[in-house]
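Visitor: I am new to this structure. Could you take me through a single part of it, slowly and closely?

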Amino acid sequence: RILIIGASGQIGTELTAFLRKEYGSHKVIASDIVEGDAQMMASGPFEILDAMDYDAVQDVVIRHEITDVYLMAAMLSATAEKFPMKAWNLNMNSLFNVLNLARDKKIEKIFWPSSIAVFGPTTPKADTPQRTVMEPSTVYGISKQTGERWCEYYYKKYGVDVRSIRYPGLISYTAPPGGGTTDYAVDIYHKALKHGKYICFLNADTTLPMMYMDDAIKATVGIMQANAGDVKIRSSYNLAAFSFNPDELSQSIKKHLPDFTIDYDPDFRQAIADSWPQTIDDSEARNDWGWEHKISIDEMTKIMIENLRKEYKK
Ligand code: VAH
């Protein structure tokens, strides 16, 4: 059976729905520190679970005979800058709990999300390679870079089958914008429909790697379903779809909402975004386990507006 830790979050919400469709609801146990949306709570087993509590995680794993764990619980970049020690403890202790359960053969396989936040201001920003200078300047990035080192260590030393992806910014309509620096690209759609305008907390020319959620879910399940031998990188794989800046995203929105206007009022998140790459080289993921993205920026905008229109009755 599969356990999703952090199921109520931005990725966890959609990952739970996808895995329940793929494997059957009773096979997929969702868990989080707070309950998920109505659809998740109605569609299969759920456990209130603190990812930092080893005994509680072990208890859920044993009771539900879990073999595979997707550890999606973390504090994202912007929020982590406000609560550095809380972010470090959550992001790291949850990972150690799951890695140690696998080391002790209580689970068989782990998915753990890394991020382009592992790259820092000294990393080459164009076509950022899989292996390069990584001096992350955010608490979140430091925790993800350290987590990658531990994943590779547990794989080499204990044979733990842990697989990981460096997600770009992810966009979806099912979860509200969260504590991520890239979440302007989620909030903009809500504000465009609700108010016809958006005040962006990043500058117009801030280009960042992004991806629509369906492609991210496809990659997540894809790397977990790959043959172990094909997963050659056990720190974390670069992954990309497209890159855009707030101005380009607003152009895409204007094709549907011609009167939409955007203003710019950068805040502390500008420095976070400026420390990250602009485009990513994900050729190793494409070569090793057949990754390819499908959805373009305009297809993403069409999906986002069509689904959010209902919510705003526009
Ligand atoms: C964040 N959405 O903004 C996350 C992600 C690459 C960005 O890690 O913190």
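Guide: Happy to. Let us start with a pair of residues: G169 has M210, in strand β9, as its bridge partner. This is a predicted model, in which local features need pLDDT of at least 70 and side-chain atom pairs count only at pLDDT 80 or more, while totals for chains, interfaces and linings use all residues. Residues are numbered from 1 along each chain as its sequence is written, and side-chain values use heavy atoms, with hydrogens and water left out.

Strand β9 covers residues 208-212; strands here are DSSP runs of E with at least two residues, numbered from the N terminus. On one side, β9 pairs in the parallel sense with strand β7 (residues 169-171), over three bridges. Two strands pair if DSSP finds at least two bridges between them. Strand β11 (residues 242-244) is another partner of β9, this time antiparallel and again over three bridges. There, P209 meets S243 of β11 as its bridge partner.

Now look at how covered β9 is: five of its five residues are buried, where buried means under 20% relative accessible area, exposed over 50% and partly exposed in between, using a 1.4 Å probe and protein chains only. From this strand, L208, M210 and Y212 point one way, while P209 and M211 point the other way. Both groups are buried.

For contrast, turn to E248, which lies in helix α9 (residues 246-254); helices are DSSP runs of H or I with at least four residues. E248 is partly exposed, with a relative accessible area of 38%.
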